[in-house]
Amino acid sequence: MFRMDPRSAPRLAATISLLGLVAVAAGCGGDTDRPTDTVPVSIPPGARQTAADPGEECPEIGMWRTCSVEKRLERAGLVARRQEGEIRHQFLAVPGLAYRLGPDELHVFIYESAAARERDLAGVDPVRVERAGDSADWPARPTLIQSNNLAAILIGGTARQVERVQDALMAGLPQP
């Protein structure tokens, strides 16, 4: 069994504190993987649809809601600025919300259920993000993201940005 001399306790405490500071400093070093096209800031409180009060909870019930999408994007360090009004795409039955992610745009559509989303997107080409026979005129490359009752279309984005948005929205459902 190890026995410590009581006189060495202050020196041990100082050493442990110093190691803690070194660990913190190492964790705060330059992040070379950090993309240069985004800056992590919060979504302005006035831009929230279902959780306008910062103290208001966003119930995590295993289904996507506007507030859970915004919370997930914020946690991923994405700057998501919601645009005013609803958006519509002729090939989708539900209205959506548009967010600016730097130069890119994210359209988010929340359905009553995963089955409703699946029915609505059944004839949509997941690569071109349009129905067969239609010709969508996207201003940049679209990426379709689907997760339970959520469908999202990211318009534009670097490969890294697409991956970050996909990870944020497909990394599991909001859990209670």
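A residue is taken as buried when its relative accessible area is under 20%. In this predicted model, Trp138 has a relative accessible area of 17% and is therefore buried. Phe91 also counts as buried, because its relative accessibility is 7%.

The structure holds one aromatic pair. The pair is formed by Phe91 and Trp138 in an edge-to-face arrangement, with a centre-to-centre distance of 6.4 Å and an angle of 75 degrees between the planes. Phe91 is located in the loop between strand 1 (81–82) and strand 2, and Trp138 in the loop between strand 5 (130–131) and strand 6 (142–147), so the pair ties together parts that lie 47 residues apart in sequence.

The largest nonpolar core comprises 18 residues, of which Leu73, Leu106, Val165 and Leu169 touch the most other members. Two or more residues are given to this core by each of helix 2 (66–75), strand 2 (97–101), strand 3 (104–110), strand 7 (150–155) and helix 4 (159–170). Helix 4 supplies the largest share, four residues. When residues up to four places away in sequence are not counted, Leu73 touches Leu78, Ala80, Leu106, Ala168 and Leu169.

Technical notes
Residues are numbered from 1 along each chain as its sequence is written. This is a predicted model: local features need pLDDT of at least 70, side-chain atom pairs count only at pLDDT 80 or more; totals for chains, interfaces and linings use all residues. Side-chain values use heavy atoms; hydrogens and water are left out. A nonpolar core is a set of buried Ala, Val, Leu, Ile, Met, Phe, Trp, Tyr and Cys residues joined through side-chain atoms within 4.5 Å. Buried means under 20% relative accessible area, exposed over 50%, partly exposed in between (1.4 Å probe, protein chains only). Contact means heavy atoms within 4.5 Å. Rings of Phe, Tyr and Trp (its six-membered ring) pair if their centres lie within 6.5 Å; planes under 30 degrees apart count as stacked, over 60 as edge-to-face and the rest as tilted.
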